[in-house]
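Hello,

Here is the structure I promised to send over. My notes follow below it.

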Amino acid sequence: MMNKKKSKKHGRRRASRHTSRKRRNTVWLNVLPNDLWLEVKRGTTILTALQKENIDLAGDCGGLGKCGKCKVRVLTSTGLPLVSKTEIRLDDEELRQGIRLACRTKINKDMTVYLGESEPELKYHQILKTGTLPLLEFDPLIQYCPTELPVDLQKDGRSDLALVRAALGPAHQQLKGCLSCLRSLTAKIHKNSAGGTAVIHDKTLLDWLPCKTTDHHFGLVFDLGTSTVVGKLINLSSGRQPAAVSCLNSQQKYGADVISRLQHVRMNKDGLDKLHLLMLKDLNNLAKRLLQLNGLQPADIFVVVAAGNTTMQHFLLNLDPSGIAEAPFSPVVDVGIIVKSADAGLNFHPEALLYVMPVRSGYVGGDLLSVIIASQAAEQDEKVVLGIDLGTNGEIFLGNQRRMLTCSTAVGPAMEGAKISSGTIAKAGAIEGVRLQNGQLHYKDVGNIRPIGICGSGLVDLVAVLTNCGIIDNEGLIRPTTENGMDGLNNRVIDHDGVYDFLVADADESYHNRPIYLTQKDVRELQFAKAAIAAGIEILLSEWGADLKEIDTIYLAGALGNYVNPYSAIRIGLIPTVDPDIISSLGNAASTGASMVLLSRDYWHKANELAHTIEHVELSSRPDFSDRFIGQMDFPKENLWDRRSITASRWNKVKGLERNNLAFPFPNCITPLVGLVFPKSSP
């Protein structure tokens with residue numbers, strides 16, 4: 001009997017312990033310096049816990065442990081194992097200090113982590129918002145028609161809608177009315193019987209405004225970039241752009257590129273909803289800022305045009321993008337979409353329309369069609385135009401009115417700082433330009449503070465300069481140069497276990513008091529990116545049956561396309577070796593093309609026509625792409641910066657500079673990296 005009682009007692013104790021474990025399936029995460037306490041499920045990674053609370057943390061790989069940028073300091077004694085440095089990308093000193101990768105570190109007990117102090121001067125991001133709007137036939141998607149309501153027409157017993165038709169004239173006799181407008185039309189006409197403004201879309205009356213002014217006649221344009229989102233306010237009466245705002249794409253917490261985000265959608269049931277809501281949050285916040293700046297209300301907006309790559313547009317519309325993730329890379333829809341903005345989740349007038357640009361394929365989206373429209377390449381009779389959109393995704397077009405070819409290639413992450421050891425987006429402290437003068441390295445950085453890392457344009461410049469002076473050979477290997485007068489640079493070539501890296505800035509020269517390196521792996525990443533672009537251009541030229549001499553104009557679009565120095569891009573083989581005079585930047589061409597659609601319905605029809613007539617070359621199915629890609633890996637042996645290779649018009653601008661000095665146009669606002677005097681705002 002006693003044994004049975006003891007057995008029952010122990011059974012109850014075991015059950016009690018089991019229940020206790022269930023209750024303690026959650027643990028606390030204390031996030032400093034804001035002293036935020038989060039109750040999280042045991043075994044959750046730090047990154048996942050922070051993402052659920054919308055706490056931003058750097059990272060480019062979507063939590064796959066590949067980029068090594070989501071570093072946090074763990075202050076709790078957790079007995080964390082020292083995972084191999086190769087896997088978690090941390091050095092011995094960082095491991096000793098408790099630095100861990102948030103995406104690799106699971107919270108199995110109460111934990112305190114430190115994310116670093118707020119750095120207001122580093123909040124500035126250099127996001128491209130502008131572009132040049134060409135001449136166009138003004139015919140906005142939304143019509144505002146001021147009109148008078150004659151008294152005699154109001155007394156003959158006709159309906160309110162018929163009254164509006166008659167007042168507008170013969171061109172509007174087929175005018176219909178949406179339900180929400182008809183419900184309020186009688187009250188609005190009685191309130192101001194003298195007249196008003198009819199808001200019309202596609203022969204449908206959306207609203208009757210009790211005023212004749214043009215002060216509130218605006219539309220919005222959104223550029224849905226993978227890294228950044230830009231919003232523009234456009235006056236539909238004058239075509240002017242009174243304001244533009246931007247922000248980083250909040251979806252970056254799930255990966256710096258579309259591939260990582262597509263993977264997140266496929267691996268998580270609620271992944272698509274999360275990315276859709278993050279997109280809506282960004283767009284609604286941008287719209288709120290734009291409207292406040294101009295004294296407008298959400299109800300004043302009747303039309304929005306959005307352009308982005310195919311995946312971003314799917315996220316906006318909450319369409320399943322899974323088909324884009326694998327061959328044959330099929331989107332849900334390729335035609336332009338017109339829906340009520342409210343149905344998509346945007347907060348404007350109840351009858352406001354959202355126009356989403358058509359796409360050509362899974363990786364040639366509405367953004368590239370907008371770039372083609374902005375360039376007006378498809379309106380050229382004889383000129384052959386090459387366009388390169390150097391954003392997070394590399395997209396290329398070649399042609400004119402007679403024929404237009406496109407292709408897309410994986411390039412963006414390296415070009416925008418991701419996958420680069422000291423890479424960063426173009427924010428305060430990012431090195432965006434580099435030159436060599438009198439054997440001394442100089443740089444220009446965003447915000448004029450000590451450097452924090454290297455963004456895309458700075459990476460292209462740096463590699464071009466080091467290639468030109470022999471620190472990097474044409475195969476991409478970093479090693480000391482035999483060029484005269486390069487002792488200062490050779491001292492920055494550091495041997496790391498038999499592999500050379502280049503010290504861009506030592507700990508004393510950087511903002512965070514950590515050395516900034518250009519590693520051998522970084523150079524390889526850039527080679528992969530530039531080789532993919534160059535191979536894509538080669539294939540399009542082959543398909544067209546043309547050579548480089550037949551290209552009349554090269555347009556660069558996207559953030560990197562606007563800021564990159566064309567001489568540096570040519571020097572590393574990112575752009576073909578052509579006369580630099582034919583190269584120009586379109587600025588933020590995606591938003592420019594979308595603005596043209598907003599202001600002229602002809603361009604909406606043109607965009608849909610292009611989506612079905614342009615020829616898309618799928619590089620992944622080309623048997624010659626691999627060979628061309630390998631053939632473009634090396635840096636060109638031909639030196640454009642030599643006097644013999646530069647055209648006379650351009651050489652006059654850089655006359656008198658030796659080969660190992662500055663050999664391309666560069667702003668005067670540069671800072672010597674050696675013997676540097678920093679601004680007072682730096683620590």
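First, a term: buried means under 20% relative accessible area, exposed means over 50%, and partly exposed lies in between (1.4 Å probe, protein chains only). This is a predicted model, so local features need pLDDT of at least 70 and side-chain atom pairs count only at pLDDT 80 or more, while totals for chains, interfaces and linings use all residues. Residues are numbered from 1 along each chain as its sequence is written, and side-chain values use heavy atoms, with hydrogens and water left out.

Start with Q251. Its relative accessible area is 0%, so Q251 is buried. Q251 sits in the loop between β14 (243–248) and α7 (258–267). Helices (H or I, at least four residues) and strands (E, at least two) are DSSP runs, numbered from the N terminus. A polar atom of the Q251 side chain lies 2.8 Å from the backbone oxygen of L275. Contact here means heavy atoms within 4.5 Å. Beyond its neighbours within four places in sequence, Q251 is in contact with R261, L275, L278, M279, M312 and F315.

Now D522, in helix α15. D522 is buried but has no salt bridge. A salt bridge is a side-chain nitrogen of Lys or Arg within 4 Å of a carboxyl oxygen of Asp or Glu. The nearest side chain of opposite charge is K521, 5.8 Å away. For charge, Lys and Arg count as positive and Asp and Glu as negative; His and the chain ends are not counted. What does the D522 side chain join in a polar contact? The partner is the side chain of S421, at 2.6 Å. A polar contact is a pair of N or O atoms within 3.5 Å; within protein, one must be able to donate a hydrogen and the other to accept it, and residues adjacent in sequence count only if both atoms are side-chain atoms. Leaving out residues up to four places away in sequence, D522 touches K419, I420, S421 and Y517.

**The cores**

A nonpolar core is a set of buried Ala, Val, Leu, Ile, Met, Phe, Trp, Tyr and Cys residues joined through side-chain atoms within 4.5 Å. The largest one has 60 residues, and the members touching the most others are I471, I472, F502, L518 and I554. Helix α15 (residues 520–544) contributes most to this core, with nine residues.

L518 has contacts well along the chain. Apart from neighbours within four places in sequence, L518 is in contact with residues including L459, L462, V463, L466, F502 and V523. L459 belongs to helix α13 (residues 456–468). L459 counts as buried because its relative accessibility is 1%. L459 and L518 are 59 residues apart along the chain, and their C-alpha atoms are separated by 8.6 Å.M357 is in the loop between β17 (353–356) and α11 (366–375). M357 counts as buried because its relative accessibility is 1%. M357 and V305 are 52 residues apart in sequence, yet their C-alpha atoms are 7.5 Å apart in space. Not counting residues up to four places away, M357 touches a list of residues, among them V305, A306, Q313, S370, V597 and W604.

**Salt bridges**

How many salt bridges does the structure hold? There are 14.

- K274 pairs with D270, with the closest N and O atoms 3.8 Å apart. K274 is partly exposed at 29% relative accessibility, and D270 is partly exposed at 37%.
- R479 meets D473 at 3.6 Å, N to O. R479 is partly exposed at 31%, whereas D473 is buried at 16%.
- R622 meets D624 at 2.8 Å, N to O. Through shared partners, salt bridges join E538, E543, R622, D624 and R628 into one network.

Two strands pair if DSSP finds at least two bridges between them. Strands of a sheet pair through backbone hydrogen bonds, either parallel or antiparallel.

Is the pairing of β18 and β27 parallel or antiparallel? Strand β18 (residues 385–390) and strand β27 (residues 553–557) pair in the parallel sense, over five bridges. I388 stands opposite L556 in β27.

Best wishes
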